[in-house]
Structures are given as structure tokens and as C-alpha cells.
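Subject: Structure handover

Hello,

Here is the structure I promised you. Please open it beside this email and follow along.

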Amino acid sequence: MSKFTIIPLCLLALFLCTNSFSDQNDGVSSFQSPLLIKRHQRTSIVATESGEISAVHIGDGYTIQFITLEPNGLLLPLLLHSDMVFFVHTGSGVLKWFDEEKERTLELKRGDVFRLRHGTVFYLHCNLERDEVPEKLRVYAIFEVGKCLDDPCLGAYSSVRDLVLGFDEKTLRSAFAASEDVFGRLREAVKPPLITNAMAGNRTQGLEMETWGSRLAKLFVRVEDVTDHLEMKPVDNSNKKKKKKKTSAYNVFESDPDFENVNGQSIVVDEKDMDALKGSRFGVYMVNLTKGAMMGPHWNPSACEISIVLQGKAMIRVVNHPSHQSKNESERFMVEDGDVFVVPQFYPMAQLSFVNSSFMFMGFSTSAKTNHPQFLIGQNSVLKIFDREVLATSFNMRYETIERLLGAQKDGLMLECVSCAEVELSRLMKEIEERKRREEEEIERRKKEEEEARQREEERKREEEAAKRREEEEARKRKEEREREEEAAKRQEEERRKREEEEAERKKKAEEEARKREEERKREEEAAKIREEERRRREEEEAQRKRKEEEEARKREEERKREEEAAKRQEEEKRRREEEEAEQKKKAEEEARKREEERKREEAAAKIREEERRRHEEEEAQRKRKEEEEARKREEERKREEEAARKREDERRRREEEEAERKRKAEEEAREREAEEAKEAARKREEEREKEEEIAKRQEEERQRKEREEMERKKREEEERKKREEEAMKREEERKREEEAAKREEERKREEEAAKRAEEERRKQEEEQKQRPPPQPPIHH
């Protein structure tokens, strides 16, 4: 919510909210959307005769607590773990918190909005003497607590009593300078509930207790909180009629609404309206719809909205974003007093009140900055920023139809929508009845299947028992037959073993002779193989030496190219950083000029802006130091890379020298071997080696040429495949667009027919209401 410029159109609202949502098993009361938390689903934290606290957890980060104090009820001192932004729904009371050695007091009444910072120690008292008719003090508060680290835990705050008594007695006596008798009574005292009745004696403090209170506050109040609270004084909001910046409570009922017409009104409280919300993660809003009204379809682009129903009932429609996890395009649910509903950021929504009751709700947005909701139609429709032809193509409609659609509604945020909520409710009931019918049919079908399965199982068991008896009889017969066969097999086995022993003795002799012949043949082959391997090894060593030389030359060339590219990238990075620094300096100078002009216009806030400017300059200096440090690190890295390159070059020279030495030794050995061999044999081997090298070279060139041709062929095939896939995707997208356009046209026709039927129903109801006698005014007690 925000101070918005708005657009509603009943027809477009129904157009957006036509699809059904999550399946349910029972009536409207049992319907549960993931965005809705019913009143009975709250978690009870504290419940006493003097009051209660219940909570609702929103995701992993937010908690809303409903604090109710009976007349003269007292919420005992608490230490906040997170910021607390709250709204007073009913009643009046006194909020007290501790600031350094001072006790700050704020008189609360219906409609007040206030914030306490994390680390604050506070307590809350419901007035008894102030109101003529005592009324419960109801406070709705939101906390950003994140995930609890302990289980169980409250997360939002801790009792001051528990924190104090967590220390040992010696530490406490030294800190408070109290007698042993006092701490004996303190240890023996029964722990009171978090909410209790404020007796007259409890509200009167002696000098000694005041001293303890001031020392206790010092343990928990942060220095920055002291600075923030020094400007806060006891507040009297009785004369406040218009929005005004104050470091105090802000009352929504005593301020002018941001928007108001015959269909309702709305108001938003953000950091511009209330200084206490600066630096907070939350804003506050309130909306009041009259009977048979609607807040037009819109979405919030900068915050999530967490709403609490204060009065009446209504239908809420929220349009989901399509995803593989969400089966539904929209959700529809009914809310009533005490319910909490959540609308995530960017989710379009619409609220519709019933014709027999108004609808009022307040809530918290997850941003204290000014929000600008995007509405779909009206004078400031977000759709009007688009070209009409583009919009007509998007909706698959004619240009004239789009013009009539966008120009039909001229009203603002809230408009009349008679029976819209009732139509939504009837659709919801029909969908639930249809789901119940399908579920009953499914249950009946499952029962029949289970009965058939049970019968099949019994039949299977009977067949298994009969088969088991047959198998036992056959097994007995097979056992007797097997014993006879085993006896015969035993005799045959003895005869076979004798024959095998004789055959094995004969084979052993033959194998021994064959083994001797084979060993002789292997020795001859091994000698020939050794001679062949020696020749092939010498040739492979020579070929490998040449390949290594070529590979090292190629690597040196690649290393030189990489170093040149790295130097080029470093030069480009240096130039880019210089441009960014110049741009940032220019922006800093522009910001300093704007801050100076703002300082002249607002003399009262000079100190705050000066501190902001110094903070920016410190950040800028810190950023420059970081950039200089990064530049220094990059320079060191470059030097390390140059050192590494120099070492690699030294290593390469060393390897070349070793390779030259190895070649020299190999040549000397070759000359010694050649001296022992005949000169003719040496000449033939040299010629054969040259021929083989030439053949190997030609084979390598042929292989490389084939690899290049194969890579080019694969590249061409890959490009052709991608082109075919892109063409297929384009054809598929075109087909989907045509199908979606046809569906939208059919949906539009159905919606127009539904709107006509709703209009006819509305006219009939208006005629019936005109014929009825006027209703008697209700009597208020």
C-alpha cells in the first residue's frame, strides 16, 4: 500500500480473477490458502486473566504478535531482539521505555502507530482510570526475527527478569549494591506471568527501586538508541489533524486519508510521515471499504503486504505468477475479523466487500519507503504507457476494443462493485461442492478397488495354499526319486573318477612334452623380440625427441601470446577504472552540490545532513582506499606473474641445455656403436630411418588435414541443426500464441456474458430494493 494513484474496473477485475485455486475438502470455513492465516490458527504465547499474546509466523523472517491487555493489565518489562512496529486497534494505555537513565513515556490510544528499536527495554500498561468505559488494549506488532537458533524460543524479545536472574548472586550484589536480604527475597519470589494485573503498590516506586531501575536500564540500552530517544518526549496527539513529521506516535484516525470517496478511504504511514520509521523495514497502512465496494486490481512493486482484518468480511483475489511449482493462476478466499492474509511483492490483487457489511483492514508493508502500487486501468493505468497497437497485439484484440477498455473507467482507487463479492463467494462454494463431489466419488472408487483387491488377495491365498499342498506332495516324490538317482550317480561317479585319473596321467605326460617344446620356442621368439624392440626403441626415442622439441616450441609461442593478452587486459582494466573513478568523482561533486542546496532550504536539519555528507565522504575515501589497495594487489600479482614467467624461461633454458647435453651423449654413444658395426649396415639403417620419418611425416599431415575437415564438417552440421531447432521453436511459439489468442477470445466472451448476467441480476435487486420498505436504523448500545 502507498499513497497511490489508482485504477479500478469491475469488469477487468473479473477478467483477472476467473481461474480456480487450490483444492479443498470442506466449506468456506475450512478453505485454506497458503496466503491466508485464520484467527484460530494463531500460536498462543501467553494467556492469563489479565491478557494474552498470540502470534502468526510469516515465512522464515517475520512474526506478527497480537497483544491484548485487560483493563489495568500490565505487560512486564521486555528486552527487544528486533525492531518492533505496532498499531493500537482498541483501548488506551501507557508505553514506557528506558533511555540512558531516563524513563520515557508515551500515552497510547486507538489508531496510534509507533516503533521501538531493537535493544530497547519497555513495558506496557492498559489504563483503568482514564476511560469512562474500560476497554481492552489491543496492539498488533510486527517483528523481523529471522530463523530461531534455539528451540523453543520467542525470537522477538526476552523477559528482563529472566535476563537479570541469569547472573549469579555475587555478580548481582556487586552490580546493584543491595543487601543479602533483598536478593534472598528476589530468589525466593515466584515468577509472575508475562502479563499480570497492575496493583496500586506496583505502580509506586521508592527511591531505592528507581536507582535499581536506572542501573538495570544501563545494562540493555545501546548508545545509538540513547541518541535516537533523546529527542522523544511524552506525546499529546489530541491536536493532530494533518500529516506531520514527528518523532512520536502517529494516529491514523486523526490524520487526513491519502484517498477518499464514497466507496471508501485509505491511509499510509511511511518514513516521510513519521521520523521513527526511518531506518525501519516496515510501513503501516489502513483501508476501509464501504458496502459493495472494491479496491481495483493492482500490485506492489517494492514490498510485500501483510494485512490484518479489523472489521467485516470480504473476498480477496490474488493472481499467482505462472511457474512449474504453481498449478493455479489465481487464488480466491474469504477473510473475516482477526484473519491475516499476505500478498507477496509483484502479485496482482483485488479486495471486494459484501453488500451487507463494510470491510476495514490494516497491515504492514515490508518497506518504510514510499511505495507506488501499479494499477491496471483508469486515468493512471500502467497499461496506458504502452503503445495501443502493441497492447492490442498482446491481448489479441482490436485497437478500438483496447481504446474502449482503457477509456471506460475514470474513477480512482475505490469504486462500486455491487454483488461482486457475493458472486465470488458463490463461485467458491460451487467449486468446493464440485471438489467434494469428486472426492466422494474418488473415495467410493477407492473403496470398490480395495474390496476387489481384498477379494483377489483372498482368492490368491486360497490358490497359494492349494499349490503349497501340491508342491509338498510333489517334493516328497521328488525326494525319493532323487535318493535313488543319487545312489546310481554315486556308482557312476566312482567309475568316472577312475577314468579321469588315468586320462589325467596321460595328459600330464603329453603336456610336459608340449611345455618343453613351447619353452624352447618362446626363448627363440624372446631373443628375436628383444632385437626388434631394441631397433624400434631407438627409432621411437628419435621421433619422440623431435616431437618434444616441436611441442616445446609451440608451448613457448602460446605462453608468449597469453602474456601479451594478459598485458592487454590489464591495460583495458586500468583505463576502465580511471573512467569509473572520474565518473564517481563527478557524481560525488553533484551530490555535494545537492546536499548544500538542501542544507540552505532546511536549516533545522543541517546537523543530520552534515553527518550524512561526512559519512558519504568517508565511504568515498574508504572506497578509494579499497580501489588503491586492489590496484596495488593487481600490481603485485602482475609482478608475481612476471617473476613466474622469468622462472619458466629459466627452466626452459635449463631443459634445453640438459636436452643438448643428452643429445651430445647420445651421439657419442651412437658413434661408439657405429664404430663396432659395419659401415654398410649403418648406411642402410640411416636410409631406412629417413624413409620411415618421411612416411610418418606424410601420415601426420594427412591425419591433421582429415581432422580439420572433420571439425569443419561437424561445425557446419551443428550450425544447420541449430537453425532447424530455431525454426522449429519459432513455429512452436507461433502455434502457442495462436492457441492462447483463441483461448483469450473465448474467455473474454464468457466474461462478457457473465458481466451481462451480473448486471441484470444487479438491476433486478435494485428494483426489488426500491419496492421494499426502508430499513429501520440499528440501535447502538
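First, a term: helices are DSSP runs of H or I with at least four residues, numbered from the N terminus. You will need that for the salt bridges below. Also keep in mind that this is a predicted model.

**Salt bridges along the helices**

The structure holds 111 salt bridges.

Start in helix H10, which covers residues 606-676. The side chains of Arg-655 and Glu-651 form a salt bridge there, at 3.7 Å from N to O. Why are these two about one helical turn apart? Because they sit four residues apart in H10. Arg-655 has 37% relative accessibility, so it counts as partly exposed. Glu-651 has 30% and is also partly exposed. The cut-offs are simple: buried is under 20%, exposed is over 50%, and partly exposed lies in between.

Next, go to helix H9, residues 420-601. Glu-481 makes a salt bridge with Arg-484. Their closest N and O atoms are 2.3 Å apart. Both residues belong to H9, with a spacing of three residues, or about one turn of the helix. Glu-481 is partly exposed, at 34% relative accessibility.

Glu-725 and Arg-721 form a salt bridge, and their closest N and O atoms are 2.3 Å apart. Glu-725 has a relative accessible area of 38%, so it is partly exposed. For Arg-721 the value is 31%, and that residue is partly exposed too.

Some salt bridges share partners. Eight residues are joined this way into one network: Arg-556, Glu-643, Arg-646, Glu-649, Asp-650, Arg-652, Arg-653 and Glu-656.

**A negative patch**

Glu-571, Glu-572, Glu-578, Glu-579, Glu-581 and Glu-628 form a negative patch. Which helix gives the largest share of the negative patch? Helix H9 does, with five residues.

**The seven-stranded sheet**

On to the strands. Seven of them form an open sheet, in the order E2-E3-E4-E11-E6-E9-E14. The pairing is antiparallel. Which strands lie at the edges? They are E2 (43-48) and E14 (250-251), and each pairs on one side only.

Look at strand E11, residues 137-144. Six of its eight residues are buried, so E11 is largely enclosed by the rest of the structure. On one pairing, strand E4 (residues 62-69) is joined to E11 by eight antiparallel bridges. Thr-68 has Arg-138 of E11 as its bridge partner. On another, strand E6 (residues 84-90) pairs with E11 over six bridges, again antiparallel.

Two bridges join strand E9 (residues 112-116) to E14, and the two run antiparallel. Asp-112 stands opposite Asn-251 in E14.

**A hairpin and its neighbour**

Last stop: strand E16, residues 264-269. Is E16 largely enclosed or largely open? Five of its six residues are buried, so the rest of the structure largely encloses E16.

E16 pairs with strand E15, residues 259-261. Three bridges link them, and they run antiparallel. E15 and E16 make a hairpin, with two residues between them. To find the pairing, look for Asn-261, which is opposite Gly-264 in E16.

E16 also pairs with strand E17, residues 283-289. That pairing is antiparallel and has six bridges. Val-268 stands opposite Tyr-285 in E17.

Best wishes

Note on methods. Residues numbered from 1 in each chain as written. Predicted model: local features only at pLDDT ≥ 70, side-chain atom pairs only at ≥ 80, totals over all residues. Heavy atoms only, no water. Buried < 20%, exposed > 50% of the residue type's maximum accessible area, 1.4 Å probe, protein only. Pairing = 2+ DSSP bridges. Patch = residues over 30% accessible without salt bridge, like charges linked within 9 Å, V, L, I, M, F, W, Y side chains within 5 Å. Areas by Shrake-Rupley, 256 points an atom, 1.4 Å probe, with all protein chains shown as cover. Salt bridge = Lys/Arg side-chain N within 4 Å of Asp/Glu carboxyl O. Lys, Arg positive; Asp, Glu negative; His and termini not counted. Charge placed at Lys NZ, Arg CZ, Asp CG, Glu CD.
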